[in-house]
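Please look at the sequence and the model below before reading on. The text then walks through charged side chains and helix packing.

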Amino acid sequence: MQYDNSSVRRQDRLLAEDRALEILREGEYGFLAFGNETGGYGIPVNYVYCDDGCCYFHCAPEGEKLRWMARNPQVTFCVVGHTAPCPERFTTEYESVLLTGRLERVTDDDERMHALSLIVGKYAPQFRETGMKYAQGSFHRTAILRLTAECCSGKCKYLPASKIATE
């Protein structure tokens, strides 16, 4: 995966690559977006990011995500890090990371179970044993999608502490 901020309009707001990867590893959820010539579809999703530049998602074995993926597997995935509205300045501090790449359904059972193990490890590490039993029991009705990221970019806005916030 290439980290490339060249298309970010505000070059003064570039997010460092190491912070972008940290946000991807630690983010609670992300927003998966599909599009084509006639419209688009987006949805918030749980995910797990792997350091090889891919993300795994789980979903039902049929549904809107899979229909959009069948039409166009090129997607954008956004994860938001720190945010802090600053009403006294009419702005917001933020961090965000965008991945673009190809989404595909994972068919290999070992990789599917590995992805579920990573998801359980991220979202329920204190219940790993129970979570894996649950994953095995629902395996037949769970689809796993893999986003192979081609490009990643990050943007941020940090503000110095305001006088209002310190009063």
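Predicted model: local features only at pLDDT ≥ 70, side-chain atom pairs only at ≥ 80, totals over all residues.

Residues are numbered from 1 along each chain as its sequence is written, and side-chain values use heavy atoms, with hydrogens and water left out.

The structure holds 9 salt bridges, a salt bridge being a side-chain nitrogen of Lys or Arg within 4 Å of a carboxyl oxygen of Asp or Glu. One of them joins the side chains of Glu 95 and Arg 19, at 2.7 Å from N to O. This pair links distant parts of the chain, with Glu 95 in strand β7 and Arg 19 in helix α1 (residues 17-26), 76 residues apart. Helices (H or I, at least four residues) and strands (E, at least two) are DSSP runs, numbered from the N terminus. Glu 95 is buried, with a relative accessible area of 4%, whereas Arg 19 is partly exposed at 23%. Here buried means under 20% relative accessible area, exposed over 50%, and partly exposed in between (1.4 Å probe, protein chains only).

A salt bridge also connects Arg 146 and Glu 111, whose closest N and O atoms are 2.7 Å apart. Arg 146 lies in strand β8 (residues 143-157) and Glu 111 in helix α3, so the pair ties together parts that are 35 residues apart in sequence. Arg 146 is buried, with a relative accessible area of 16%.

The salt bridge between the side chains of Glu 129 and Lys 133 (3.6 Å, N to O) is a local one: the two residues are 4 apart in helix α4, separated by about one helical turn. Both Glu 129 and Lys 133 are exposed. Elsewhere, salt bridges that share partners join Arg 19, Glu 22 and Glu 95 into one network.

The side chain of Glu 93 does make a polar contact with the side chain of His 82, at 3.1 Å. A polar contact is a pair of N or O atoms within 3.5 Å; within protein, one must be able to donate a hydrogen and the other to accept it, and residues adjacent in sequence count only if both atoms are side-chain atoms.

Met 113 and Val 120 are among the residues of α3 that meet α4, with contact meaning heavy atoms within 4.5 Å.
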